[in-house]
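Hi everyone, thanks for coming. Please have a look at the structure on the screen, and then I'll walk you through a few spots.

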Amino acid sequence: DVKVYKGTAKPKADAEVLKAGVTDNNGDFDLEVPPGDYYIVVSAPDFNVFEQAVKAAANMQPLAVAMTVKSIEMVVDVNAGQNELGVDADSSLTTDTITGDALLDLPDNEEDLLAYLTELAAARGIVDGELNIRVDGFENTYLPNRNEIQEIRIVNTSFSADGGGTGPRIEIVTRPGTGAWTGNVGFNFADESLNARAPLTNGPKPASQTRNFTGQLRGPIVPGRITSTINIENRESESEGSQPIRAVTVYGPVNTGVTSISSTRTFRFGPNLTINKVHSLVSNFTYSDTRTENAGVGGFNLPERATNRKGHNWTLQMTERANFSSRLTNEFRIQVRRNTNGTTPVTNAVAINVQDSFNGGGAPNRSSSLTEDYVVGNTLRFQATRKLMLTMAGEAEYHGR
C-alpha cells in the first residue's frame with residue numbers, strides 16, 4: 001500500500017491522504033501529483049513501514065523504496081510427541097520447488113550439477129529409468145549454469161498435464177539475467193608420458209594425447225533488457241589404442257599401432273530478452289560437429305580397413321513465458337533440430353579377410369543419415385486457490401529422416 005500526504009512532516013493519524021495506490025506484482029507503482037513537497041508512506045505485511053519526504057518535480061527520477069523485514073520472535077516447545085510424522089496441508093506431495101537462496105548451493109559446472117540433480121531425484125523417490133531433465137520445457141538439452149537458473153521443480157508424479165506420460169522428472173526454469181559480465185576458461189592437456197605400460201610388453205607405450213578447451217561468457221548486452229550466454233567447447237584426442245595391429249599379410253608380418261583421431265566442437269549462443277513486465281523470451285542455439293578418423297583398426301584389421309566419420313547438428317529452442325499475474329502463467333515453446341552423420345571407408349575396395357592372418361580391403365559400413373525434429377508446445381498454469389493448481393498443456397512433434 002502506497003499513500004502520499006501533503007507537506008514534509010510526518011502525518012498525524014487523522015491526516016488526509018492526498019493519493020493512494022498499490023504496487024503491481026513486480027513492486028512498481030505510479031502516482032501522479034503536482035510539483036511540490038510530499039510525504040510518502042509504503043507498508044506491506046511482515047515488513048517495516050517505509051517513510052520518506054519527497055520533493056516532486058517534472059521529469060524526476062523514479063523513487064527507489066527498500067523494504068526491510070520485521071523481526072520475528074519464535075517460541076519452540078519440545079515435547080514427547082516431537083517424533084510423530086505429519087503432513088503440512090499446504091505442501092505439495094507431488095512437486096518440490098527450489099528457488100531463491102537455495103539455488104546458491106548448486107554446483108558450478110555441468111557434470112557436478114548433473115550428479116547433484118541425480119542424487120536429488122533419488123532422494124525424492126525418482127529412481128526408475130533414466131533421469132528425465134527438462135530445461136525451459138525441452139528434453140535432451142544443455143544444463144544451464146547456476147546463475148542462469150530461476151527455479152527447479154522436482155515432479156514426483158507422471159499424472160501431470162505437461163508430463164506427456166514421461167514419468168517423474170526434474171524441470172529447470174532459466175531467467176533473463178542481469179548484472180555484470182562474467183566468464184570462465186578451462187584447458188586440459190594429457191599425453192602418454194605418465195601412462196603405465198601394457199602388461200607383457202617391452203615396446204614403447206602407445207601414443208596418445210588429449211586436448212580439451214572450454215570457455216563461457218555471460219552478461220547483459222542491453223542492461224535490464226537483453227542478456228546473453230556464449231559457450232565454446234573443443235575436445236580433441238589422438239590415441240594409438242591398447243591393441244596394435246598384429247597380422248601376417250602377403251607382404252610379411254605387421255606389428256604396429258595406428259593412431260585414431262577424434263574431435264568434437266560445440267558452440268552455444270543463448271540470448272534472453274525481457275520484453276516487458278509480463279513477457280520474457282528465452283532462446284538457445286547450439287551447433288556441434290564431430291569427427292573420427294581411423295576407426296575400426298587393430299588386431300587383425302589392417303589400416304586400409306579404417307573408416308572415417310563426420311557429423312554435425314544444430315538445435316534452436318525458443319520459450320516465451322508470460323506471467324499475467326501471480327496466479328496465471330503461460331509458457332509457449334518451439335524447438336527445431338537437425339542432425340547429419342556420415343561414415344566413409346578409407347579404402348573403396350572389396351574386403352579380403354584371411355582368418356587368423358589379416359583383414360584387408362574396404363570396410364563394409366558406408367552410411368549417411370539426416371534427421372529433423374520439430375516440437376511446438378504450450379503450458380498454462382492457474383493457481384486457483386492456495387491448495388489447488390490447474391495445469392493445461394499441449395504439444396505437437398514431428399520427426400523425419
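Let me start with a question: which residue in S21 does Leu328 stand opposite? The residue is Phe382. Before going on, a word on sources: this is a predicted model, where local features need pLDDT of at least 70, side-chain atom pairs count only at pLDDT 80 or more, and totals for chains, interfaces and linings use all residues. Residues are numbered from 1 along each chain as its sequence is written, and side-chain values use heavy atoms, with hydrogens and water left out.

Back to our strands (DSSP runs of E, at least two residues, numbered from the N terminus). S18, residues 328-345, and S21, residues 367-383, run antiparallel and are joined by 16 bridges. Two strands count as paired if DSSP finds at least two bridges between them.

Now the wider picture. Both strands belong to an open sheet of 9 strands with antiparallel pairing, in the order S10-S11-S12-S15-S16-S17-S18-S21-S22. At the edges stand S10 (182-191) and S22 (389-400); each has a single partner strand, so one side of each is left without a neighbour in the sheet. On average, neighbouring strands here are turned by 5° against each other, direction ignored; the axes are lines fitted to C-alpha atoms, and angles run from 0 to 180 degrees between N-to-C directions.

Finally, two loops. Asp46 lies between strand S3 (36-42) and strand S4 (50-56), and its phi is positive, near 70°. Asp356 sits in the loop between strand S19 (352-354) and strand S20 (358-360), with a positive phi near 60°. Neither residue is glycine. Buried or exposed, what is Asp356? Asp356 is exposed at 62% relative accessibility, and Asp46 is exposed at 59% (exposed is over 50% relative accessible area, buried under 20%, partly exposed in between, with a 1.4 Å probe and protein chains only).

Note on methods
Helix = DSSP H or I, 4+ residues; strand = E, 2+ residues; numbered from the N terminus.
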